[in-house]
Amino acid sequence: MSLQPPEQVPGGIRYALARADGGIAAIFHVMPGTSDTGLLALLNGETDMAISLREASEAERRADLAASPDDPALIRRVRVIGLDALVPVVSPQNPLSALSLTQLADVFSGQIVNWRDLGGPDAPISLHLLRADFGLAQFFEDRMFAGQSDFVSSPAIIRHDSASALATAVVRDAYAIGITTQSARGGARSLPLAGSCGFSQSADANSVRAEDYPLTAPVLLYLAPRRLPQLVRDFLDWTETAAAERIVARAGFVNQTLTRTPVSLQGRRLANAVAAAGGEVSLTDLQRLVARLDGSERLSATFRFADGSVDLDAQSRAAVARLAAAIEQGVFDGQRLTFVGFSDGEGPAAVNLRLSLRRAESVLEAVRLAAEAADPDRVAFAVDAFGEAMPMACDDSDWGRAVNRRVEVWVDRAAP
């Protein structure tokens, strides 16, 4: 079969897939719009799939449940097809080297209006965001101001119809700051996100894959509740292939290919563990952590949870499926996968250690169930936990604590 040249039709683009004999096998209508319009079309039964740059809202999930009470919930009908990251961007002439999440919130709520309050020149800050009905703008404000019912965006924000227009405006103004995606920053310079405790994260591919970067933004593909045609199901299977991952990367996004980082390249993580050690993290704990890491490689697949929960987020559920598929394909034959739990620093260390172990066990169980076709004798599995002993971010914010609540996967050679 071959894809015919696209044809402009009212409201979008039409693609036809032709068979070898010249007949039409399928017709696809691609309708551009915002996350709002895509999810609304899905809920109204007007489309089979909707791409969104934000998670479905509580209102959208309730509407879906009311319309399709006997079907899988909307939160279960979603695929992650690529990854991106929201980043604060400034002009290359701007001297600022990093921003904290608190500073970023204060800037876009109008609490900070001059660069001198951020260590820069005495000049007013010009603010840039995408249109308020765009998924990325909603994602930013939801993540930045979650739980703050009294939050009001600064009235000085300049809104843009496209990420390219936003990046161009920021590049031209040395006193501007904008929020856009890492893939669409153009000539603007992205700033790392720093915490008051000294930790910082840049939106590089590895930190985005592992959700170590706090503003990781998955590209979500929501599916209709009805049974989809075979051709669409084949397409969904294709999105998880290596060929699809290469296309995602060429488009400027971060793909979900499983990568490994050896312990020799994890010095910053170990330094964070030492720097953050307090009265409840002992030298013995750190020594056990270093000994366990020795000889292991960290997989990019990382699993994160809500506070006090063992429920995985959308990106983590996608990581379960990809890791399970790799196990079934024999990628880890003869090796040991250790699921290692970590927690934030809220509450007693002993409780956090037990919770992090429960999370590691729950992820291992989810992966085993998903990898039902795997030969259990060809891969060794183990669990371990270190509680709050290796933070990835500062514990002084909801975001920092969310980054620290995780299960990592370490790979090493299985014992004979």
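Modeller: Here is a close look at strand E20 and the strands beside E20.

This is a predicted model, in which local features need pLDDT of at least 70, side-chain atom pairs count only at pLDDT 80 or more, and totals for chains, interfaces and linings use all residues. Residues are numbered from 1 along each chain as its sequence is written, and side-chain values use heavy atoms, with hydrogens and water left out.

Start with the strand itself. E20 covers residues 406-413. Strands here are DSSP runs (E, at least two residues), numbered from the N terminus. Of the 8 residues in E20, 7 are buried, so the strand is largely enclosed by the rest of the structure. Buried means under 20% relative accessible area, with exposed over 50% and partly exposed in between (1.4 Å probe, protein chains only).

Now the partners. Two strands pair if DSSP finds at least two bridges between them. Strand E18 (residues 335-342) runs antiparallel to E20, and 8 bridges join them. Within that pairing, Arg336 stands opposite Asp412 of E20.

Next comes strand E16, residues 297-299. E16 is also antiparallel to E20, with 2 bridges between them. Here Arg298 has Trp410 of E20 as its bridge partner.

Then there is strand E17, residues 303-304. E17 and E20 pair in the antiparallel sense, again over 2 bridges. Arg304 of this pairing faces Arg406 in E20 as the residue opposite.

Conventions
Helix = DSSP H or I, 4+ residues; strand = E, 2+ residues; numbered from the N terminus.
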